[in-house]
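Biologist: Please show the sequence and the structure, and then let us discuss them in questions and answers.

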Amino acid sequence: MELPDREICYRTLESRDARFDGLIYVGVKSTGIYCRPVCPARTPYLSNCLFFASAAAAQNAGYRPCLRCRPETAPHLASWRGTSNTVSRALALIEEGALDGDKTSVEQLANRLGVGERHLRRLFRLHLGAPPVSVAQTKRILFAKQLIHETRMPMAAVALAAGFGSVRRFNETFQNLFHRPPRALRNKDAATTEEGVTLRLRYRPPYDWDSMLSFLAARAIPGVEVVENGHYLRTIELNGFVGTIDVFHQPKQESLCVHIRFPNVQSLPAIVARIRRQFDLGVDIETISDHLSKDPLLASLVARRPGMRAPGSWDGFESAVRAVLGQQINVVAARRLAGQLVAAHGKPLPKAQAWHAGMTRLFPTARQLASAKSIVLRMPSARLAALKSLAMAAAADPNLFRATDSIDGAIARLKTIPGIGEWTAQYIALRAVREMDAFPATDAGLLRGAAIVNGEKMTAQILLNLAEKWRPWRGYAAQHLWAANGKTAAIPDGHLSDRTFDFSQMIYPSITTTEGKIYESRL
Ligand SMILES: [Zn+2]
C-alpha cells in the first residue's frame with residue numbers, strides 16, 4: 001500500500017490506532033528508533049517523525065526496532081499490499097525463504113514471478129519503500145529478535161533458525177543494530193518449555209477463530225490432524241524432517257499461539273510462514289470486508305461474520321489431493337478417504353514424536369504416491385488416475401502449488417494435469433496457491449449459498465457475472481456464500497443434518513451425486 005499523508009499517519013500514532021498496526025511504521029529522528037503505531041512510548045513531535053510502509057523501509061533508512069513495541073510482533077500483512085499482486089506473491093515467496101542462503105537472487109525471484117528484475121525492484125520501492133533484499137534481511141532480523149525474546153532457544157540455534165550464515169554474523173548484526181549483544185535482548189520471563197518452540201503470531205482483528213476451527217475440524221484427516229479443546233494439532237514433514245505443530249487462539253493478544261516441535265531449527269521460518277498462510281494471518285480483513293460490503297448481496301453476510309478468513313492449507317500437495325478426493329462426494333466421505341490414503345501410504349510418525357494418540361502418521365508425499373505401484377483406495381478408477389497424475393506432476397515440479405505470474409497462469413497450469421478441471425483448479429488455487437481471487441463458480445454449495453442470499457435460482461454464469469464486483473477478493477466472497485449455505489440449507493446427508501451451523505458444507509460441495517456433474521464436467 002502507499003502511505004497516507006503525514007498528518008493522517010501522525011493521527012494513527014497519536015491515537016495508537018491498532019488498525020494501522022503492520023501497515024505503518026514510524027521512525028523517530030531524535031532516537032533513531034522505529035515503532036508500531038501502537039507503541040506505548042510518549043508520542044514524538046510530528047517534526048521528528050518519518051513514516052514507512054514496512055519495517056524493512058524503516059531499517060533500510062537506518063532505524064532500529066523499538067524494544068518496547070517490538071515491531072517483530074506486528075501483524076505480517078504480507079498478502080495485503082494494495083493492488084500489487086506481484087508484490088504480494090513476492091512477499092509470500094520471501095517469507096518462505098526465496099531470498100535466504102547464498103544460492104538465491106532477486107533475479108531468480110523475478111523470473112519465478114514472470115516479471116523483470118528492475119520492475120520488481122520498482123514495485124518494492126513503490127509499495128514497501130525498500131528493495132527485496134532489505135525485506136528479506138529485515139525478516140531474518142525480526143524473526144531472530146522474536147526467537148530471542150519469546151523463547152529460551154540457545155543463541156547459536158537462533159542464528160541458524162533465522163537464516164544467518166554464522167553466529168559471528170548474527171552477533172555483529174545485532175551489535176550494530178541494537179548496540180548490544182543478542183543475549184541482552186532476552187526476556188527473563190520467557191516461558192521455559194520442556195521441548196519445542198512457542199511463538200505468538202499476531203493478526204489484524206477481527207479474526208473468526210470459531211469458523212476457522214470448525215472448518216478444520218470437519219476436515220481433520222485421521223492420523224494426521226486433530227482438533228480438540230480449541231487446539232489444532234497436526235504432523236508435519238519438511239526438508240526431510242518430521243515433527244508436529246499445535247495452534248490455538250489467544251484473543252486478548254490478537255494472536256495465534258503456536259507450539260512447534262521439530263528437530264531442525266532451520267526449518268522454523270518456513271514452518272511459521274506455512275502456519276500464517278494456513279490460518280490466513282497476513283490479511284487486512286477490514287479492507288476486504290469494506291469492499292465486499294458495498295455489494296448488497298454480501299453486506300449482511302459480512303456483517304454476520306466480519307472476521308471470517310479463507311482457510312489455506314499446510315501443504316499444497318495435500319490440499320490438492322483432498323480436492324481430488326472431494327470431487328463429487330461430501331466432506332465426511334472425503335475425510336474418510338483421506339484417512340484411508342494416509343493409513344495405506346503415509347509414513348508412521350517416529351515414536352519419540354508421537355506424543356498424542358491422534359497423530360500417528362504423516363500425509364504421503366507426492367513422490368511416495370507417484371512411485372506407489374497402486375494407490376489403495378476405493379474410488380472410481382478415473383479419480384484414482386487423476387490422483388496418480390497429480391502426484392506425478394507435483395513430484396516433477398516442486399513449485400506446482402506456489403504463486404507465479406498470475407492467477408490465470410496458475411489455473412491453466414493446474415488444468416494441464418489429467419483429471420483436474422475448472423472446479424478443482426480454482427479450489428486448489430484458493431486453498432493451496434493462495435490466489436485470493438480464485439472462485440470455483442460451478443460449486444454446488446456456492447451456488448446454493450448465492451441462491452439463498454439472492455432469493456433466486458442461480459447458475460454459474462449468473463454467479464460469475466455478480467462476482468465481477470468482488471474482485472480481487474472473490475475467494476473471501478466464496479467463503480461467505482459457503483457459510484450462508486451451511487447455515488440454512490437443508491442438508492440431505494444424515495451425518496450432517498443435526499447441525500445448525502455446518503462448516504463442513506463450505507468446501508467440498510456435492511451433497512448428492514446427481515449434482516456432481518456440474519463441478520467437473522471434464523472428468
Ligand atoms: Zn515503540
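Modeller: Two strands pair if DSSP finds at least two bridges between them. Helices (H or I, at least four residues) and strands (E, at least two) are DSSP runs, numbered from the N terminus. This is a predicted model, in which local features need pLDDT of at least 70 and side-chain atom pairs count only at pLDDT 80 or more, while totals for chains, interfaces and linings use all residues. Residues are numbered from 1 along each chain as its sequence is written, and side-chain values use heavy atoms, with hydrogens and water left out.

Biologist: In which sense do strand 1 and strand 3 pair?

Modeller: Strand 1 covers residues 25-28, and its V28 stands opposite C49 in strand 3. Over 4 bridges, the sense of the pairing is antiparallel.

Biologist: Which strands stand at the edges of the sheet?

Modeller: The open sheet has 4 strands in the order 3-1-2-4, with mixed pairing. Two of them have a single partner strand each, so one side of each is left without a neighbour in the sheet; these are strand 3 and strand 4.

Biologist: What arrangement do the 4 donor atoms around the zinc ion have?

Modeller: Donors are N, O and S atoms within 2.8 Å of the metal (3.2 Å for Na, K and Ca); water is not among the atoms, so sites may look incomplete. Here the protein donors are the SG atoms of C35, C39, C66 and C69, at 2.2 to 2.4 Å from the zinc ion. Four donors count as tetrahedral if all angles lie between 85 and 135 degrees. The angles here are 104 to 122°, which makes the arrangement tetrahedral.

Biologist: Is C39 buried or exposed?

Modeller: Buried means under 20% relative accessible area, exposed over 50%, and partly exposed in between (1.4 Å probe, protein chains only). C39 lies in the loop between strand 2 (33-35) and strand 3 (49-52). Because its relative accessibility is 6%, C39 counts as buried.

Biologist: Which residue forms a salt bridge with D437?

Modeller: A salt bridge is a side-chain nitrogen of Lys or Arg within 4 Å of a carboxyl oxygen of Asp or Glu. For D437, the closest N and O atoms of the pair are 3.4 Å apart. D437 lies in the loop between helix 18 (422-433) and helix 19 (444-454) and its partner in helix 21 (residues 474-488), so the pair ties together parts 37 residues apart in sequence. The partner of D437 is R474.

Biologist: How many salt bridges does the structure hold?

Modeller: One of them joins E95 and R276, at 3.8 Å from N to O. R70, E72, K145 and E150 are linked in a network of salt bridges. The number that the structure holds is 28.

How values were computed: Four donors count as tetrahedral if all angles lie between 85 and 135 degrees; four count as square planar and six as octahedral if opposite donors are over 155 degrees apart and all others between 65 and 115; anything else is irregular.
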